[in-house]
Amino acid sequence: MFRIGFGNDIHRLEKGRPLILGGIEIPSEKGAVGHSDADALTHAITDALLGSMALGDIGSHFSDKDERWKGADSFMFLAEALRLVDELGFEIVNIDSTITLEIPKLRPHIDDIRRNLAQLLAIELNAVSVKAKTAETLDAVGNHLAVKAEACVLIARKV
Ligand code: MG
């Protein structure tokens, strides 16, 4: 039996903040603002996993009002979503995702991000797709004000 999940996220960009995507710090003049480490890609994948199990969203599990998650490593959230997948008797089949960011170019970092996610999730590298695009100078992302991420996951009942 298969289940599918979708997640997305957006974070504001400001100077003097780190830009973390998929647990990898990307050298960048501007970084993402958020209660946790503001890792939009990891948040989108976490939401997709929670969505695949109809277990709510990242905010219902890790409130942005909770001091425990201030500056938190978002891989903690992803690890908890993975624990729930496992507890329900499922495993991840594959993940597809897209990051939308104007600058810097993400191409040189994509494989590091994929490896990092595959390692945490204990799945093959070829089961983790991370794509990158710009917003063609349009909207908040295109104006260097935000970073956006979207993710789709497929999970299957363990045999
Ligand atoms: Mg977020």
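**Stop 1: the metal site**

Start at the magnesium ion, whose donors are spaced D-x1-H-x31-H along the chain. Donors here are N, O and S atoms within 2.8 Å of the metal (3.2 Å for Na, K and Ca), and water is not among the atoms, so sites may look incomplete. Select Asp-9, His-11 and His-43: their atoms OD, NE2 and ND1, in that order, lie 2.1 to 2.2 Å from the ion. Asp-9 sits in strand E1 (residues 2-15) and His-43 in helix H1 (residues 40-52), so this pair ties together parts that are 34 residues apart in sequence. Are Asp-9 and His-43 buried or exposed? Both are buried, where buried means under 20% relative accessible area, exposed over 50%, and partly exposed in between (1.4 Å probe, protein chains only).

A quick word on what you have loaded: it is a predicted model, in which local features need pLDDT of at least 70 and side-chain atom pairs count only at pLDDT 80 or more, while totals for chains, interfaces and linings use all residues. Residues are numbered from 1 along each chain as its sequence is written, and side-chain values use heavy atoms, with hydrogens and water left out. Helices (H or I, at least four residues) and strands (E, at least two) are DSSP runs, numbered from the N terminus.

**Stop 2: the sheet**

Switch to cartoon view and look for an open sheet of 5 strands with mixed pairing, in the order E4-E1-E7-E5-E6. Two strands count as paired if DSSP finds at least two bridges between them. Strands E4 (30-32) and E6 (128-133) stand at the edges with a single partner strand each, so one side of each has no neighbour in the sheet. From one strand to the next, the twist averages 20°. Axes are lines fitted to C-alpha atoms, for helices over the stretch in contact, and angles run from 0 to 180 degrees between N-to-C directions.

Now select E1 and strand E7 (residues 146-157): they run antiparallel, joined by 11 bridges. Asn-8 stands opposite Glu-150 of E7, and Ile-10 has Lys-148 as its bridge partner in that strand.

**Stop 3**

Which residues of H4 are buried? They are Ile-110, Ile-113, Arg-114, Asn-116, Leu-117, Ala-118 and Leu-121.

**Stop 3: the core**

Show side chains for the largest nonpolar core, which has 40 residues; Leu-21, Leu-41, Leu-49, Ile-99, Ile-113, Leu-117 and Val-147 have the most contacts inside it. A nonpolar core is a set of buried Ala, Val, Leu, Ile, Met, Phe, Trp, Tyr and Cys residues joined through side-chain atoms within 4.5 Å. H1 gives the most to this core, with 7 residues. Finally, pick out a second, separate core of 5 residues, including Ile-58, Phe-62, Ala-72 and Phe-77.
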